Amino acid sequence: MTGEQAVAQATAYFDSGAFKALLARRVALRSESQRDDCDALIQAYLDDEMAPAFQALGFTTEQLDNPQAPARPFLLATRIEDAALPTLLCYGHGDVVFGDDEHWRDGLTPWQLVEEGDRWYGRGSADNKGQHSVNIAALEQVAAARGGKLGFNCKFLIEMGEEVSSPGLADLCRREAEKLRADIFIASDGPRLNAQRPTLFLGSRGAVNFRLSIHARDRDYHSGNWGGLLTNPGTQLANALACLVNPHGQLQVAALKPLAISAAVKAILSDIEVGEPGGPEIDPHWGEAGLTPTERLYGWNTLEVLAMVAGNPQRPMNAIPGSASAVCQLRFVVDTDWQNIGGHLRAHLDAHGFPQVAVEVLRGSPATRLDPTDPLVGWALAAMAETSGKKPALLPNLGGSLPNDVFAQILGLPTLWVPHSYPACGQHAVDEHMLRSIAREGLQMMTRLFWDLGEQGGELLARHRAHRAQEEQA
């Protein structure tokens, strides 16, 4: 059988309705990781859905404990055909955000897959049950087409706590590095660039949250009696924020800006147009000067104020507040010195006359990006283009964040992400849905990628290693 025939077989499987029925069963399991009363259903997703599916494909399955969140375990499925073959690591998460049942529109519920036109509604249909189900189905189709063989070894990690910031995932990858050892990582999460264009992304921007606060005094004071005599923390904090980000949304802390966007990344981004019908209108004059909107989103750093409070906005009093605080976030690309963000903010605020502003770093995750010139990137794009008949979009990294650092940095793998959703899917909102057309096209592309990995995986990885060695020497 050829790769084209394997794709045709996968298409027939999808068109039979079998994939829809499988996804409906998985959506029906209320695996909300943000709730403590769904632990049994979270476990059932692993025991009743994932383990049997992998075992039917000849994988051995093992539940891996999560000391950081015991009720949010991991499942590792492993299939070793030959130790000499390349090993693929895949990933998905079976937990979902709150169903928010009462706010879905009439005729819809989070826990029943409902088809309307091209849309399959249901919680987890896009994030992430539908996406990893596509990839598992593609493995199944390749094995069937190749007489029970994949042509490569495969490990598949299912997480049940991604929606609560993946507690224990990094520790698991350190602790079980040998069990998770592989040569290449391919997974699906997040959205495509848009509904029409298949997308490959190579990592994600990092994110670090921090709090700025001013505590001037222990109580508020009457603004008529003390106005003009006492410092106002709200006014001071607003000015402090203005020295970090100017009125046009441009980051002013030089130490937190990235290096110049490389020529290779600029060339990639020149083929990308951001925005989606039905989405917000982009403000053309907001953000870093001299960059396109695409470069601002995927190639630069942004500092956003997420929340700010002084006094009681719900019940304002005629008083000067005693304190003020703001929670901010830096989204950043690779080569940003984000781990020293506290020191950089402190130095910048002091230099601009704001020593009274306290800086507290809350949490952060690294940025990652596979080299866009890596041969694996060209291979994946070519396979996706040939299968879909479309030119795929290549993103050096998502604008948002994923736990890609555990795979790229802790496990040291080249990471390729092929999303099967789109920006208007309702992810983390009511009326979440997957587009049937994207799921079908995704199954076709993943089947071709996995087929080609079985045909030429050794050669592809040899080219990857040679490229990486050349880059390190340079």
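Me: Buried means under 20% relative accessible area, exposed means over 50% and partly exposed lies in between (1.4 Å probe, protein chains only). Is E295 buried or exposed?

Reply: The model is predicted, so local features need pLDDT of at least 70 and side-chain atom pairs pLDDT 80 or more, whereas totals for chains, interfaces and linings use all residues. Residues are numbered from 1 along each chain as its sequence is written, and side-chain values use heavy atoms, without hydrogens and water. Because its relative accessible area is 8%, E295 is buried.

Me: Which residues does E295 touch, not counting residues up to four places away in sequence?

Reply: Contact means heavy atoms within 4.5 Å. By this criterion, the residues that E295 touches are I261, K266, L269, G290 and W300.

Me: To which residue's backbone oxygen does the side chain of N153 reach?

Reply: N153 is in strand β6, residues 153-159, and counts as buried because its relative accessibility is 1%. Beyond four places in sequence, its contacts include R79, E81 and L88. Its side chain makes a polar contact with the side chain of T87 at 3.4 Å (N or O atoms within 3.5 Å; within protein, one able to donate a hydrogen and the other to accept it, with sequence-adjacent residues counting only if both atoms are side-chain atoms). At 2.8 Å, the side chain of N153 also reaches the backbone oxygen of D82.

Me: What is the angle at which α4 and α13 pack?

Reply: The helices span residues 129-145 and residues 436-473 respectively, and their axes are 8 Å apart. Residues of α4 including V134, L139 and V142 meet residues of α13 including L443, M446 and F450. By class, this contact has 11 nonpolar, 4 polar and no charged residues. The packing angle is about 50°.

Me: What is the relative accessible area of H428?

Reply: H428 lies in the loop between β18 (415-417) and β19 (433-435). Its phi is near 65°, a positive value in a residue other than glycine. D431 is also in the loop between β18 and β19, and has a positive phi of about 60°. H428 counts as partly exposed because its relative accessible area is 47%.

How values were computed. Axes fitted to C-alpha atoms, helices over the stretch in contact; angles between N-to-C directions. Helix = DSSP H or I, 4+ residues; strand = E, 2+ residues; numbered from the N terminus. Nonpolar A, V, L, I, M, F, W, Y, C, P; charged D, E, K, R; others polar.
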